[in-house]
Amino acid sequence: MRTLKLSQCDLTGKDVAAVARAQSLGGLETLDLSGNQMGDEGFEALVTSRAMASLKSLKVDENQIGPAGIIAFANSSQCLHLASLSLNGNWIGDSSAELLATSSSCGRLTQLSLDRCGITEIGRQSLLRSPWLARVTDL
């Protein structure tokens, strides 16, 4: 399986952690978990899972992800092939934007969606100046 869409399924952090542990998802390239309730717990389980190492596109809009989830993503070595990341509607704020701007996990991103994430001009400037986000053409 290369694509999995589980949007609007009322998945909790524990549900997403179970998905992240599934060995059968090892070759997954596209994952859409938008509109669930994974929170930081589920997002951390997802981005630190070895099963996600081949993931190229991750959409987790409207999932109650906050700064703790972004810290997990920024420190993860499992999402290094990610080209597209959509975090729309998760209240992460400027400090998380600044963390994303300094993270090597963002090094291959060409698309980063951060609408309705509580990011001000300060956070946007950090993202625009980031050498890790130099490939991003859609921000």
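Reader: In which loop is Q8 found, and is Q8 buried or exposed?

Author: This is a predicted model, in which local features need pLDDT of at least 70 and side-chain atom pairs count only at pLDDT 80 or more, while totals for chains, interfaces and linings use all residues. Residues are numbered from 1 along each chain as its sequence is written, and side-chain values use heavy atoms, with hydrogens and water left out. Q8 is found in the loop between β1 (3–5) and α1, where helices (H or I, at least four residues) and strands (E, at least two) are DSSP runs numbered from the N terminus. Buried means under 20% relative accessible area, exposed over 50% and partly exposed in between, with a 1.4 Å probe and protein chains only, and Q8, with a relative accessible area of 63%, is exposed.

Reader: What is the phi of Q8, and what is the phi of Q64?

Author: Q8 is not a glycine, although its phi is positive, at about 55°. Q64 is found in the loop between β3 (57–59) and α3, and at 57% relative accessibility it counts as exposed. Q64 is not a glycine either, and its phi is positive, at about 60°.

Reader: Which residues is S7 in contact with, leaving aside its neighbours within four places in sequence?

Author: S7 has its place in the loop between β1 and α1, and its C-alpha atom is separated by 6.0 Å from that of D32, although the two are 25 residues apart along the chain. Contact here means heavy atoms within 4.5 Å. With its neighbours within four places in sequence set aside, S7 is in contact with D32, L33, S34 and N36.

Reader: Which residues touch the most other members of the largest nonpolar core?

Author: A nonpolar core is a set of buried Ala, Val, Leu, Ile, Met, Phe, Trp, Tyr and Cys residues joined through side-chain atoms within 4.5 Å. Not counting residues up to four places away in sequence, F43 touches M38, L58, V60, I65, G69, I70, F73 and L87. In the largest nonpolar core, which has 39 residues, those that touch the most other members are F43 and L46.

Reader: Which elements give two or more residues to this core?

Author: The elements that give two or more residues to this core are α1 (13–21), α2 (39–47), α3 (67–75) and α4 (93–101).

Reader: At what angle do the axes of α3 and α4 cross?

Author: In α3, P67, I70, I71, F73 and A74 meet S96, L99 and L100 in α4. Axes are lines fitted to C-alpha atoms, for helices over the stretch in contact, and angles run from 0 to 180 degrees between N-to-C directions. Angles under 35 degrees count as roughly parallel, over 145 as roughly antiparallel, 65 to 115 as roughly perpendicular and the rest as oblique, and α3 and α4 are therefore roughly parallel to each other. Their axes come within 10 Å and cross at roughly 5°.

Reader: Within what arc do the buried residues of α5 fall?

Author: The buried residues of helix α5 (residues 121–129) are G123, S126 and L127. Seen down the axis of α5, they line one face of the helix, so the directions from the axis to the C-beta atoms fall within an arc of 95°.

Reader: Which residues is S126 in contact with, leaving aside its neighbours within four places in sequence?

Author: S126 is found in helix α5, and at 13% relative accessibility it counts as buried. What covers the buried residues of α5 includes α4 and β5 (111–113). Apart from its neighbours within four places in sequence, S126 is in contact with E98 and A101.
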